[in-house]
Amino acid sequence: MLHPRIARFVLPATFSALLAAAGVIGPVASATPASAAVASIGLRAEAQAASRKGAPYQWGAVGPRKFDCSGLTLWSYARVGKRLPRTTTQQYRATLHVSRSQARVGDLVFFHNRSGIYHVAIYAGHNMIWHAPKPGRRVSLVPIWTSAVYFGRVR
């Protein structure tokens, strides 16, 4: 069994928490109770997005059977008791902006170009996101395909 202090540095936080819950390693202490609560909400929101895998994209849809990108993030967070505004830009403005190195599972990933923010997804860890991509596609888990992203944490 790995010692919790070692596991914290050796394993990504998500895996440490899962292994601790499974009894493979001892409990992993978080920095503060408040940060643990935010992380827990993010993990739960990410799980909600994952539960919609395969749902078709539809512009303006907010679930539970069809989604557009911001509809998926709005729906996922609503399922864990957090309210988000409707559009990607509004959601960006409503989040705490964090660096890529500080990103945690459940944070929102905002894709941008010169015209502004054009897409939002939920961070799944390890450079992967859950998103509702575009017409004709379905909610899926994919790698982040560009460096032109911002990360935002729902509080």
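Reply: Partly exposed denotes a relative accessible area between the buried class, under 20%, and the exposed class, over 50%. The model under discussion is predicted.

Me: Why is Y118 called partly exposed?

Reply: The relative accessible area of Y118 is 42%.

Me: What makes F111 buried or exposed?

Reply: F111 has a relative accessible area of 0%. Buried means under 20%, so F111 is buried.

Me: How many aromatic pairs are there, and why is the pair of F111 and Y118 called tilted?

Reply: The count comes to six aromatic pairs. For F111 and Y118 the ring centres lie 6.4 Å apart, and pairing requires centres within 6.5 Å. Their planes stand at 55°; stacked needs under 30 degrees and edge-to-face over 60, so this pair is tilted.

Me: Why is the pair of F111 and W145 called stacked?

Reply: The ring centres of F111 and W145 are 4.3 Å apart, with the planes at 15°. Planes under 30 degrees apart count as stacked, so the pair is stacked. F111 belongs to strand β2 (residues 108-113), whereas W145 sits in the loop between β5 (140-143) and β6 (149-153); the pair therefore ties together parts that are 34 residues apart in sequence.

Me: How do you know whether A124 is buried or exposed?

Reply: A124, in strand β3 (residues 116-125), has a relative accessible area of 18%. The limit for buried is under 20%, so A124 is buried.

Terms used. Residues are numbered from 1 along each chain as its sequence is written. This is a predicted model: local features need pLDDT of at least 70, side-chain atom pairs count only at pLDDT 80 or more; totals for chains, interfaces and linings use all residues. Side-chain values use heavy atoms; hydrogens and water are left out. Buried means under 20% relative accessible area, exposed over 50%, partly exposed in between (1.4 Å probe, protein chains only). Helices (H or I, at least four residues) and strands (E, at least two) are DSSP runs, numbered from the N terminus.
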